[in-house]
Amino acid sequence: MNVLTVTGKRLFLTGDEAVARAALEVGVEVATGYPGNPGTKAITALIPLAQQYGMAVEWSVNEKVALEVATGAAWAGKRSLVGMKMSGVNVMADSLLSIAHSGVTGALVIYAVDDVGVYYGMVEQDTRYYAQLTSLPLLMPAIPEEAYAMTRIAFTVSEQTGAPVFVLSTTAVANAITAMKVGKIERDMHTRPAHFARNLAKFTKAAPQWCRDQHTDTIKRLEQAGELFKKASEDYGTSLVFTIPGQVERTPSSEIKRSGIIVAGVSFAYLQELRQHYPERFADIPILKLGVVNPLPQREILDFLAHVDIALVLEELDPIIETQVMALMAETGLKVEISGKRDGLLPRVGDYSLELIETALAHLDELAGRSPVWIKLRRPESSAGMQEMPSLAGSKEGVANQETPDLNHNGQNKFHIHSEIAALPRSLEFCPGCPHRMTYYALNRAIEQSGFTKDEVITTGDVGCTIIGMNAPLDACWTEVSMGASIGIAQGFKYAGIERPVLAAMGDGTFYHNGIAGLLNAVQSGVNLTLIILDNSKIAMTGMQPDPGTGRRTTGEPSVRADIAMLVRGCGVEYVKRLNPYDLPKMINALQDAMLHPGVSVVIAEAPCTMQGVLINEEPVQVDQEACMAGRGCEDTPCYHKVGCPSVLLSLEDVRPHLSIDTATCVACGLCVAACPYDAIKPLPAVGKEESITGNAFAGVQLRYLLQD
Ligand code: SF4
Ligand code: SF4
């Protein structure tokens, strides 16, 4: 029996395993991650249980993809977990910001572990900054038992607020083993059918107002999470923020100042150990334990500070809590002496230790006017943190050298800026004749011909021109996260149990940027999905910069041209079709075929950007007004309402709708020609002539661009 599945007993679990157990109990259905110690054991612990509990568990190709896959599942209403060490947070940051602002509809818990003291390698960093940067809630356990309890709470609060929630551990907590009472594995209680509702304003970043609204929502979700965390002790029997009282009444004659400790993370475990050994020393020192680091519980901190003259802040790495405490005091006019990192007492580098905290307590005694009894300035060789420990005498110099803190962290937002400033309504659209329009048009037809409506088949979108396919009338893309993320999100949808076809779309630039990793991952996962690569061999949206498929270096010299199809095959994809998107019938067939193909299928729609001035066919087209049936049977005017080309003009001023083509901008791609069921749109010279070229004649025509190379 796997120890993680034992019920009704006290289990000995590491911090990592405690997170895994909590996730198992609360019905996590998708768990992804990238191995890296500390932090590997959480996902590792779930792997042998995947089949038994119907979970999708994977080591993804990197942390960004891992986050995207987990997010796809959480967007489909599932509970998902993503785990990594601190360096991986940097890798996923691009998508993290975007996902943080979109929020989730299920629950997403991000379990990260900071290697404080750098026992495993890589840059020592404080991941709490990411919670601040993203306005995501962050819980910080002090012991494995808290990691367990906090993970359970994190899932619930994530689901209640829609905010992904960080559970941030450190090496000491992730690796520690403690006995803990665990709950029941009640997965069925949390199971929901997979469902994803198309909502561009939430799941894409394609309009400035949407981005501003999402930012506002992110901040609201954080505030809501802060309130829910406060209720955690009632709702879950776990206090995330609590005070251990001390005798802090000051007698009028007393010279001794009242002192207190604000603590977060593993430092609390060290304090507890000292309290056990020297309870009398803590009799008059209250402790405020913060399990919630973002949003910082300001009210509780102010209440605590109101009863002390000096407060010692214990937190590893950067003075994030300490700086916010000082900002709070500046705002409220509270006068309390704060000691920690900013006065040079405690190091910003390396992990804390019992000895280091004893030394800090001795300093607190000194500040309070008591004779210090703690062992001062012990410097054991083995403690990385102690190597950075300054002398107490040095702390005064440290104070003198501190720069004035930036106190602009105003939680009250006095300078409230109205985000409702309305942007001019403007819909992004593809240029006339854009090959991407052809591809999405073909996709919509392929979906219809496969027996679905386009509201039933998810196509995840990506960054760049290709996301314009989300707009009417194509309405093709459903999501946009970050460069190359569309395929990871699509995989997450499949993991969540979306049974209908799921497609991902991205451009060639995004494919090279990060899509290859997502494709590799999807192939490895064995899910069924179709990736459409809209390849115009350039980074078109930003001004035709070259990418590896251009065949030119940035400075214009010829270079080796990457072959997308070969790369795709190299990733293990067997179904690869490279097509000319202007050849609509073939494109529609290929997409239909690809959607049915088991595993990952890839359709490459290859054609240059029409901004390069390419005239696709010989002549612009025009509407034959005699043949046009607008208002006489062609009521839905598909040339206009399904194509969405800015060169197709609709006037409602006449008795019946009047369709025409702006021949100055039409590049004769033939899409409106193909869309017209009455063959009423024809190349200009042919209008009125018997030998007019019909719509079908455009399909498969040898296009001029193909002859240009
Ligand atoms: S042929 Fe039709 S769809 Fe193509 S560019 Fe001209 S007007 Fe637009
Ligand atoms: S689709 Fe054809 S018949 Fe219908 S409005 Fe357009 S040009 Fe006229």
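**View 1. The shell around ligand 2 in a predicted model.** The residues around ligand 2 divide into 13 nonpolar, one polar and no charged. Here Ala, Val, Leu, Ile, Met, Phe, Trp, Tyr, Cys and Pro count as nonpolar, Asp, Glu, Lys and Arg as charged, and the others, Gly among them, as polar. This ligand has 14 residues around it, with Cys-628, Ala-630, Cys-634, Cys-639 and Cys-676 the closest; a residue is near a molecule if its C-beta atom, placed from the backbone, lies within 6 Å of it. This is a predicted model, in which local features need pLDDT of at least 70, side-chain atom pairs count only at pLDDT 80 or more, and totals for chains, interfaces and linings use all residues. Residues are numbered from 1 along each chain as its sequence is written, while chains are lettered from A and ligands numbered from 1 in the order in which they are written.

**View 2. The shell around ligand 1.** Ligand 1 has 15 residues around it, and those that come nearest are Cys-645, Ser-647, Cys-666, Cys-669 and Cys-672. Sorted by class, this shell holds 12 nonpolar, three polar and no charged residues.

**View 3. Val-167 in the largest nonpolar core.** The largest nonpolar core has 218 residues, and Val-167, Ile-262 and Cys-672 have the most contacts inside it. Such a core is a set of buried Ala, Val, Leu, Ile, Met, Phe, Trp, Tyr and Cys residues joined through C-beta atoms within 7 Å. Buried means that 20 or more other C-beta atoms lie within 10 Å of a residue's own, exposed means 12 or fewer, and partly exposed is in between, with C-beta atoms placed from the backbone. Leaving out residues up to four places away in sequence, Val-167 touches Val-19, Val-109, Tyr-111, Leu-139, Ala-147, Met-150, Thr-151 and Ala-154. Two residues are in contact if their C-beta atoms, placed from the backbone, lie within 7 Å.

**View 4. Where helices H5 and H10 meet.** Helix H5 (residues 86-102) and helix H10 (residues 208-230) pack at an angle of about 80 degrees, and their axes are 7 Å apart. H5 is therefore roughly perpendicular to H10, a label for angles of 65 to 115 degrees, whereas those under 35 count as roughly parallel, over 145 as roughly antiparallel and the rest as oblique. Ala-100, His-101 and Ser-102 of H5 make the contact with Gln-214, His-215 and Thr-218 of H10. Axes are lines fitted to C-alpha atoms, for helices over the stretch in contact, and angles run from 0 to 180 degrees between N-to-C directions. Helices (H or I, at least four residues) and strands (E, at least two) are DSSP runs, numbered from the N terminus.

**View 5. Leu-240 in its loop.** Look for Leu-240 between helix H11 (232-236) and strand S9 (241-244). Leu-240 is buried because 25 other C-beta atoms lie within 10 Å. Beyond residues up to four places away in sequence, Leu-240 touches Leu-139, Phe-229, Ala-232, Gly-291 and Val-292.

View 6. Most residues other than glycine have a negative phi, and most peptide bonds are trans. The peptide bond from Ala-472 to Pro-473 is cis, with omega near 5 degrees. Pro-473 lies in the loop between strand S15 (458-460) and helix H19 (486-496), and Asp-475 is also found between S15 and H19. Asp-475 is not a glycine, yet has a positive phi of about 50 degrees. With 17 C-beta neighbours inside 10 Å, Asp-475 counts as partly exposed.
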